[in-house]
Amino acid sequence: MQQGTLMRKVKSKSWKKQRYFKLQDDCMTIWYQSKRTGKTESAFSISDVETVREGHQSEVLQSLAEEFPPERCFTIVFYGRRGNLDLIAGSAEEAQCWVQGLRQLIEPRSFPLTSALVSRTWIRDWFQKADKNKDGRMNFKEVQRLLKMMNVDMNEDHAMRLFQAADKSESGTLEGEEFVLFYKALTQREEVLSLFQDFSEDGKKLTLLELVDFLQQEQLEDEGTEELAMELIDKYEPSETARARHALSADGFLMYLCSPEGSIFDPRHRALWQDMSQPLCHYFISSSHNTYLIEDQIRGQSSIEGYIRALKRGCRCLEVDCWDGPNGEPMVYHGHTFTSKIPFREVVSTLGKYAFKPSDPIPAEGGAGPQQCRVPGDSESHGGAGHAKVPPAPSPTLQELKHKILLKGKKIGRLEDTLDGPGDEAPDVSDDDNGAEAEEERRRAKVDGTQHRPALQKDKESLAQALSDCVVYCKSVSFRGFQEARSHSRPSEISSLAEAKARKLIRDAGNEFVRHNAWQLTRIYPSGMRTDSSNYSPQEMWNVGCQIVALNFQTAGAEMDLCDGLFSQNGRCGYVLKPSFMRDEESLFNPSDPESREGAGPTTLTIRVISGQQLPKVANSKDGAVIDPLVRVEIHGVPADQARQETKYIENNGFNPRWDETLQFQLQVPELALVRFVVEDYDKTSRNDFVGQFTLAFPNIKPGYRHIHLLSKDGTSIPPSSLFVHIRITE
C-alpha cells in the first residue's frame, strides 16, 4: 500500500477513471494521483473509514458485474453521510492487499481513548500537520500554529514555558519524545489529578483499598467492588511495578475514567440486558420511513445503501415501496415522485446479506402488483423474505420471532385462515389508513388508471393471494377509534397513523392510546409535507407507547439523536422493552398527567459539568478560529419533564475548557426520559454552531465521575472529544 497501486475509481457505468492510490508513511492518510493530470491530493483519512466491503457490494459495482470479476472489486464505506468509494484493482491479489490492509488499520479504534494508541496516533497526526517544513522537528512558531489548529488559544508566555520545559536537548526545537512531553504537559488534567489526590494518601498512587473507597463512595459501585478494583488495575495501569503491587497511578486512574467502565453509559446495558420473551407490542422498535431514500422525498436518490445504513444502525422496521416495473420486475421508489428506482430483487438480496447481522426479527412494509409479487416470492435465493414462516403462538413473543421477516400489508380474509388453513368466509381486504398519503394515492389511482397503482391500494380482486399469505402478524387495518379496535381488532393487526393524527389522539385520549399500544402495534409516519425528509420528535409518540415510530434515517438532527440514544442500549438490537406501566392493558398512565404513573415519586438528576477535552472545531470555520464552548443539557420525556439548561460559555478554548457548573432536573417519569448533552460554539450575533452531542436513555446513566464521549452531527464518534461530569441521582 505504501508503494502505491494503480486502480480504477468508478462512479457509474460510464465514469471509470484511473487513479494511483498510496498509503502515506504515517499510516493515517491515503493520497491519490490522477493519471491524466498528475495532480496529487489527499483521498481520505483512515479515521474516516467505517468498513471495507469485498466484491460487488454497491449498486455501481453490481452494474459492472459482467465487466469486472468480484475478486478485483471493493467498496470503502465512510462514517456519516460521505459517499462510498468504489474501486477496481488490477488483480485479485492487489484488491486483497488493500482490503486486508485497510481492515488492519481501522481495527484498533474500538473505543475512544481506551488505549494509548489512539492518543499516540492522534499526537503523531497533529505533529505532521504542523511540521510545516517536514524536517521532523518543531520550532516555537510551528508549535503556536499547532495550538491554533488544535482549538487552543494559549497565552504566548505560558506556551513558551511549556515549550522550554519539553525541549530537553535545548535545541530550540521539539522532536519525537520531546513533543510527546510537550503534549502531555498541555493535556495535564488538573481536575482529575485533584480528585486522585483526594483519595490517595501519598498523592502518587491509589492502593487497592483507596481505589475501592473511590468506587464505592463516588462511583456508587455496590457489588464485587474489590474484584472490580483489581480488574481496573490490571486493565488500565500502564506501570508493571504498580500493577504487581495492586496500585493505580494517576495515569492509570485517568485511563480508567476515559474507558468504557468510566463512561456515563452503564456498560452492563450496552449488552442485551432486557427480557426478550414478551409480545412484539411490548417493545419500542427502531423504525425507518422510506428506507430506500438517501436524500429528499421528491427528487432524491433511491439506493440499497439506505437499507444497509439503516440495518447497520440497528433499524428493525424497513419500508419497501414496491411498484410495477418493466419486464415483470417490481421496482422500489417513492411513487408519483421523481425519485430514482431500484429493482426489488436487489433490495431483498441486500436484506439477505445484512438483516440479521446485528439482530433478530425484522418487520418490513410493502407490496407489488398481483403478477409481480410472485416474482420475488417464488425465488429461494432471497434469504427467505418471500416466505412467511408461521411461529407457534397466536401472539408470538419476540424470542419466537427470532430470524424471521414479518411483512406488514393488506390481507385477504382473516389471520386465522392463514394459521388454521382457509375458511369459508368471503375474502375481505384490510385497508391501510395512511391518512393524507393514502388519500393522495387514491386520488392519483383514479387519474392514472391501473398501470401504476400501488399494490397496497388495489382492490380485492387484484390483491394476489401469494402476497396476502405472506402477511401473518402485521395485517394492516384502518384505525377507526380505540373502542372499535377493542371490540373488533386482534393483536396481529396494525394501524398506521400520520404524525398529526397521532398528536391529536395523544392530546384527546392519552391513556386510551397507552392501553391500545399495550396489546396492538401502532406505526407513526412523517407528514407528507416533509418533502425535505425532515423529522418529527419521536419522544411524544414513545410517551404513549407507539412501537413503530418511523423516521427519515438519512436526516441528521436532534430527532435522530433521540432515536440513536434510545436504541444504543440492549445490544443495539433495535428493540427496547417498554416500562411496565405501558405494557398493562388496564394501565392508568397518561403522559400529560405524570401522577397517573404508579411507582416511586419524582427523581432528581444533578449534573456537575466539570470540563471538556479536545473539542472539535466547527465545520468550515476559518483558519485559526477557536471555539467558545458551552454545554446544554436537554431532558426529553413526558411534557412535565421537558427541560433544558446550559452552562456559561468559555472564551477561546476548545481544548480543555473548565465550567464547574451544576445543573439540576426533576423527573416525574424517569423511565421515559432521554438526556441529551450538546456542545455548541457560542455566537452573540447569530445562532450558536453545533460542536458535538451525546444522547442516552435515563435508565442507562451511571452515577459518579464520568466521561461523555461526544458524537458528530450524524452520530459517529469523534475521538478524543469528551466532557467530564459528575452525576447524582436521588429519589
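A cavity is a set of grid points where a 1.4 Å probe fits but cannot get out, and its lining residues have an atom within 4 Å of a point. With that in hand, let's work through this predicted model.

**Exercise 1.** Find out how many cavities of 30 Å³ or more the whole structure holds, and describe the lining of the largest cavity.

*Solution.* Start with the search, which turns up 4 such cavities. Next, take the largest cavity, with about 120 Å³ of space. Its lining has 12 residues, and Leu 280, Ser 395, Pro 396, Tyr 473 and Pro 491 lie nearest the centre. Finally, sort the lining by class: 10 residues are nonpolar, 2 are polar and none is charged.

**Exercise 2.** Work out how helix α7 (residues 190-199) and helix α11 (residues 250-257) are oriented, and who makes the contact.

*Solution.* The two axes come within 10 Å and cross at roughly 110 degrees. Angles of 65 to 115 degrees count as roughly perpendicular, so α7 and α11 are roughly perpendicular to each other. Their crossing is right-handed. On the α7 side, the contact uses Val 192, Leu 193, Leu 195 and Phe 196, while α11 brings Ala 250, Phe 253, Leu 254 and Leu 257. By class, this contact has 8 nonpolar residues, with no polar and no charged ones.

**Exercise 3.** Now do likewise for helix α12 (residues 304-312) and helix α13 (residues 344-354).

*Solution.* Here the axes come within 10 Å and cross at roughly 25 degrees, which makes α12 roughly parallel to α13. The crossing is right-handed. Ile 304, Tyr 307, Ile 308, Leu 311 and Lys 312 of α12 meet Glu 346, Val 347, Thr 350, Leu 351 and Tyr 354 of α13. This contact divides into 7 nonpolar, 1 polar and 2 charged residues.

Conventions. Residues are numbered from 1 along each chain as its sequence is written. This is a predicted model: local features need pLDDT of at least 70, side-chain atom pairs count only at pLDDT 80 or more; totals for chains, interfaces and linings use all residues. Side-chain values use heavy atoms; hydrogens and water are left out. On a 1 Å grid over the protein atoms alone, a cavity is a set of points where a 1.4 Å probe fits but cannot get out, and a pocket is an open set with protein on both sides within 12 Å along at least five of seven lines; lining residues have an atom within 4 Å of a point. Grid points are joined across faces, edges and corners, and a volume is the space filled by probe spheres set on the points. Ala, Val, Leu, Ile, Met, Phe, Trp, Tyr, Cys and Pro count as nonpolar, Asp, Glu, Lys and Arg as charged, and the others, Gly among them, as polar. Axes are lines fitted to C-alpha atoms, for helices over the stretch in contact, and angles run from 0 to 180 degrees between N-to-C directions. Helices (H or I, at least four residues) and strands (E, at least two) are DSSP runs, numbered from the N terminus. Angles under 35 degrees count as roughly parallel, over 145 as roughly antiparallel, 65 to 115 as roughly perpendicular and the rest as oblique. A crossing is left-handed if the near helix is turned anticlockwise from the far one by less than a right angle, and right-handed if clockwise. Contact means heavy atoms within 4.5 Å.
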